[in-house]
Amino acid sequence: MFCINVDGLSKSYGSVKAVNDISMSVQSGQVFGFLGPNGAGKSTTIKLLTTLIQPSGGSLSILGIDAIKNPLKVRHKIGVVLQQPSYEPTLTVEKSLEKYGMMWNVPKNERKKRTENLLTEFDLIEIRKKRNEDLSIGQRRRVQVAREFMHDMDLLFLDEPTVGLDPSARRKLLDYLKNKVKTGLTIFFTTHILTEAEYLCDEIAIIDKGKILAIDTPDALKNRFGKEKTIKIHLIKNQPELKSQLSGISDCKIDFNTGTNITIHSTQSELVLMKILRILNNNGIDVDDLSAVPTNLEEIFLKMVEENVSNN
């Protein structure tokens with residue numbers, strides 16, 4: 001079952017097309033990653049999907065509801081955490097959570113139970129009595145994300161929710177989201193941190209200049225666009241003559257970072273590596289360390305965006 005269906009969705013501001021005729025479907029019960037550089041159209045897309053703004057064209061169904069005709073009906077079933085900071089300056093952390101529960105008509109006993117649970121899950125116990133205006137940026141962000149879980153929802157939109165979080169808090173949030181998805185929640189997730197997308201997302205869309213460039217699983221994207229591997233060789237001592245000896249090897253790009261460090265990029269990594277090792281062996285050159293690293297999602301992302309820029 002798809003909880004998001006988008007067909008030909010567009011949003012224009014004058015002559016600028018912030019979102020340009022995009023189509024996609026998001027499966028229920030998964031984390032859908034939405035990646036793109038600054039100005040790619042990510043935040044505008046989220047505002048369209050959450051009914052905060054109306055599209056210039058196309059159709060949009062959220063949880064089986066026509067979101068263009070029935071925006072209020074959609075808003076009762078979703079949660080939204082936008083990039084922009086949102087907090088009540090003079091309220092304490094726990095009062096912020098309780099107030100949010102009241103806004104969603106959560107019964108008092110359940111409200112107190114959820115507040116205590118979220119204070120624990122988001123490491124907010126020690127600052128529960130602090131006012132939001134006295135918190136750090138990272139702490140405010142944790143409160144902003146935590147309070148969204150005070151109410152029941154079928155679909156949660158998170159627009160770069162880990163901004164300002166330290167590595168420990170970031171990983172704890174990602175694990176919390178993973179566990180929530182196991183209960184049936186669907187998450188639409190944007191991030192600039194590619195390792196987050198690899199760790200969390202079941203499927204990923206890459207957007208640039210308002211257009212979707214690809215949609216697939218992280219592994220499938222790596223298989224489709226990441227055939228290249230990076231080979232790193234560290235020699236025991238400098239070998240100046242090696243540069244000319246390796247220059248004749250085809251199907252690869254070789255970078256001599258220093259006299260002892262060599263980096264090779266190739267889509268034929270196994271074959272290239274065999275040729276390099278043969279040359280090293282024939283010349284009695286000792287290797288201190290060697291590794292072959294598969295292409296990661298970040299390299300694919302950068303490659304696709306660069307290709308999109310060059311094609312336009």
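**The open sheet and its surroundings**

Modeller: The secondary structure of the protein chain amounts to 11 helices and 14 strands. The model is predicted. Of the 312 residues of the chain, 46% count as buried, and the C-alpha trace spans about 75 × 50 × 35 Å along its principal axes. Among contacts between residues at least 6 apart in sequence, 67% join residues at least 24 apart.

The part you ask about is an open sheet of six strands, in the order β6-β7-β8-β3-β9-β10, and its pairing is mixed. Its edges are formed by β6 (78-81) and β10 (211-216), each of which pairs on one side only. Direction ignored, neighbouring strands of the sheet are turned by 15° against each other on average.

Four bridges join β6 to strand β7 (residues 155-159) in the parallel sense. Within this pair, Val 81 has Leu 158 in β7 as its bridge partner.

Two helices lie across these strands. Helix α5 (residues 137-148) lies across β6 and β7, and runs at about 175° to β6. Helix α6 lies across β3 (31-35), β7 and β8 (186-190), with an angle of about 150° to β8.

The packing may be described next. The largest nonpolar core has 43 residues, and those with the most contacts inside it are Phe 122, Leu 124, Phe 149, Leu 177, Ile 187, Phe 189 and Ile 204. Helix α6 (residues 167-182) supplies the largest share of this core, six residues. A second, separate core of 27 residues includes Val 19, Leu 48, Ala 205 and Ile 207.

Apart from its neighbours within four places in sequence, Phe 149 is in contact with Arg 114, Leu 118, Phe 122, Leu 156, Tyr 176, Leu 177, Lys 180 and Leu 185.

Strands β1 (residues 2-13) and β2 (residues 16-27) run antiparallel and are joined by eight bridges. Two residues lie between them, and Gly 14 in the turn has a positive phi of about 65°.

Conventions:
Residues numbered from 1 in each chain as written. Predicted model: local features only at pLDDT ≥ 70, side-chain atom pairs only at ≥ 80, totals over all residues. Heavy atoms only, no water. Pairing = 2+ DSSP bridges. Core = buried A, V, L, I, M, F, W, Y, C linked by side-chain atoms within 4.5 Å. Buried < 20%, exposed > 50% of the residue type's maximum accessible area, 1.4 Å probe, protein only. Contact = heavy atoms within 4.5 Å. Axes fitted to C-alpha atoms, helices over the stretch in contact; angles between N-to-C directions.
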